Amino acid sequence: RLICATNADIRRMVEEERTQIGTMKALGYGSGAIVSKYLIYSISASLIGCVLGLSVGFQLFPTIIIGVYRTMYTIPDPMTPFRWDYAFWCTLAAVVCTSAAALVSCRKELRSVPAQLMRPKAPKMGKRIFLEYITPLWKHFNFSNKVTARNLFRYKRKMFMSTIGIAGCTALLLTGFALYDSINDIIRLQY
């Protein structure tokens with residue numbers, strides 16, 4: 001979920017900074033210099049996120065969970081080894097995904113001439129969505145629902161990212177509640 005969000009953020013940032021990219025291109029900056037700005041940002045965001053995530057995932061969570069079990073049982077000190085192989089592959093995947101998103105977004109924008117980049121991007125052509133053809137249903141929608149439905153069907157990437165984000169947050173909530181429930185049930189079942 002984090003990698004998807006970061007990719008969407010990088011893509012959005014490049015699209016929003018079209019005028020800056022056009023200005024730099026007009027001033028004579030090369031494509032490599034412009035792309036490097038976004039690559040450095042994406043790689044540093046990935047590395048910082050991986051360091052924080054791996055330290056919490058390998059050290060903090062196991063220590064807390066084993067500490068809770070220690071309140072009920074006598075167990076030896078926890079062994080929470082840092083798995084360098086997992087850390088390496090996860091970090092590599094995060095860096096590759098975010099860097100690829102930055103490269104693709106920049107490459108797409110850098111194809112345009114500077115004068116075109118300095119102007120705001122033209123809005124997408126509006127078309128009727130399939131719900132508008134179902135007249136009885138469409139008439140019952142209020143203005144807010146119509147705008148929401150149009151946005152959902154016209155901007156599929158945003159809809160997909162929102163769905164993934166909501167699913168990821170729901171999974172985190174369920175995991176937290178499941179851990180809480182599991183730990184509380186152990187006490188009741190044990191004694």
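Is Cys50 buried or exposed? Cys50 is buried, with a relative accessible area of 13% (buried is under 20%, exposed over 50%, partly exposed in between, with a 1.4 Å probe and protein chains only).

## Basis

This is a predicted model, in which local features need pLDDT of at least 70, side-chain atom pairs count only at pLDDT 80 or more, and totals for chains, interfaces and linings use all residues. Residues are numbered from 1 along each chain as its sequence is written, and side-chain values use heavy atoms, without hydrogens and water.

## Cysteines

The whole structure holds zero disulfides (a pair of cysteine sulfur atoms within 2.5 Å). For Cys50, the closest cysteine sulfur is in Cys90, 7.4 Å away and too far for a bond. Cys169 is partly exposed, at 40% relative accessible area.

## Helix α4

## Aromatic contacts

The count is five aromatic pairs (ring centres of Phe, Tyr or Trp, its six-membered ring, within 6.5 Å; planes under 30 degrees apart are stacked, over 60 edge-to-face, the rest tilted). Phe58 and Phe82 pair edge-to-face, 4.9 Å centre to centre with 65° between the planes. Phe58 lies in helix α3 (residues 31-70) and Phe82 in the loop between α3 and α4, 24 residues apart. Phe58 is buried at 16% relative accessibility; Phe82 is partly exposed at 27%. Phe58, Phe82 and Trp84 form one aromatic cluster.

Note on methods:
Helix = DSSP H or I, 4+ residues; strand = E, 2+ residues; numbered from the N terminus.
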